[in-house]
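Welcome, and please bring the model up in your viewer. We will take a short walk through it, one selection at a time.

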Amino acid sequence: MPLYIYRYIVMKLYICEESSDITVPFQETLTGYSQIRLLECKLYNSWYNITGANNEIAYTIAKKPPSFKRLEPGNYNVETLSQAIGRKTKIDFRRVLPTGKTQMVLDDDVKVNFSRKKNFAKLLGFEEQEYDKSSVSPYKANFLPVTEYVVHCDIIDTPTNYINGKRSNYLQVLTLHDQGEIGKSVTYSFPAAVPVPIKKTDLTSLRIWITNQKEEKIEFNGYPISFQLELT
């Protein structure tokens, strides 16, 4: 984790970690600064929409005991999710255009139970309940749980930093480029970013972390993230 400090002007922080939450100690205490701003952020759209928390579908065929299909973590769409489930389950998912909903096609003797833990009903737009026949989801499919990257920083003076009328430790909000194309490297530049006030204290470290628009932690799965920050 190399850390480069151009003293008194620009601090550059480069990280390559599985975690999106990093604390970096400074080699020396920084004093006399009152503002910070994010000039540039480079990262990859490398997060997953299927993880260990939502990778399971429960179903029954005829009068057999319930079966479970577990998916490998990854980023899926309707087609790849349906392929991963496989036709042996007698379950198929299809896009419904132009509504954006999902059609679940079940053989006559199949039931799907989305009420169990670790289900992925919300991705497909279904309620967390049991379905005993082919159905169209009541809601749009949502395979893009991340629409914004929110960059937080612990040295921000939260009481004086307002975002949408609320006190906040937000350094910058990044609207997703390229509709979240997975694996793509994206660069966000803010040459005219407004400086954010920081705490009036000596700085010995800096913590920076990224969440989605719901302030849920994002895992970038080992892909590099880089930030260029300016302290003034």
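How many bridges join strand S12 to S15? Select residues 148-153, which form S12, and you will find five bridges to S15, with the two strands running antiparallel. Keep in mind throughout that this is a predicted model.

Now widen the selection to the whole sheet. Its four strands are ordered S3-S18-S12-S15, the pairing is antiparallel and the sheet is open. At the edges are S3 (21-30) and S15 (170-175), each of which pairs on one side only. Ignoring direction, neighbouring strands here are turned by 15° against each other on average.

Next, colour strand S18, residues 203-211, and stop at threonine 211. Is this residue buried or exposed? Threonine 211 has a relative accessible area of 5%, so it counts as buried. Show its side chain together with that of histidine 152: a polar contact of 2.9 Å joins the two. Beyond four places in sequence, threonine 211 also touches others, including Glu148, Tyr149 and Val150, as well as Glu216, Lys217 and Ile218.

For the last stop, go to the loop between strand S9 (110-113) and helix H2 (121-124), and select phenylalanine 120. Its relative accessibility is 1%, and therefore phenylalanine 120 is buried too. Which residues surround it, leaving aside those within four places in sequence? Display Ile50, Asn54, Asn55, Glu56, Ile57, Leu71, Leu81, Ile85 and Phe114: phenylalanine 120 is in contact with each of these. To finish, draw a distance from the C-alpha atom of phenylalanine 120 to that of phenylalanine 190, 70 residues apart along the chain; the separation is 36 Å.

Notes:
Residues numbered from 1 in each chain as written. Predicted model: local features only at pLDDT ≥ 70, side-chain atom pairs only at ≥ 80, totals over all residues. Heavy atoms only, no water. Pairing = 2+ DSSP bridges. Axes fitted to C-alpha atoms, helices over the stretch in contact; angles between N-to-C directions. Buried < 20%, exposed > 50% of the residue type's maximum accessible area, 1.4 Å probe, protein only. Polar contact = N/O pair within 3.5 Å; in protein donor to acceptor, adjacent residues only side chain to side chain. Contact = heavy atoms within 4.5 Å.
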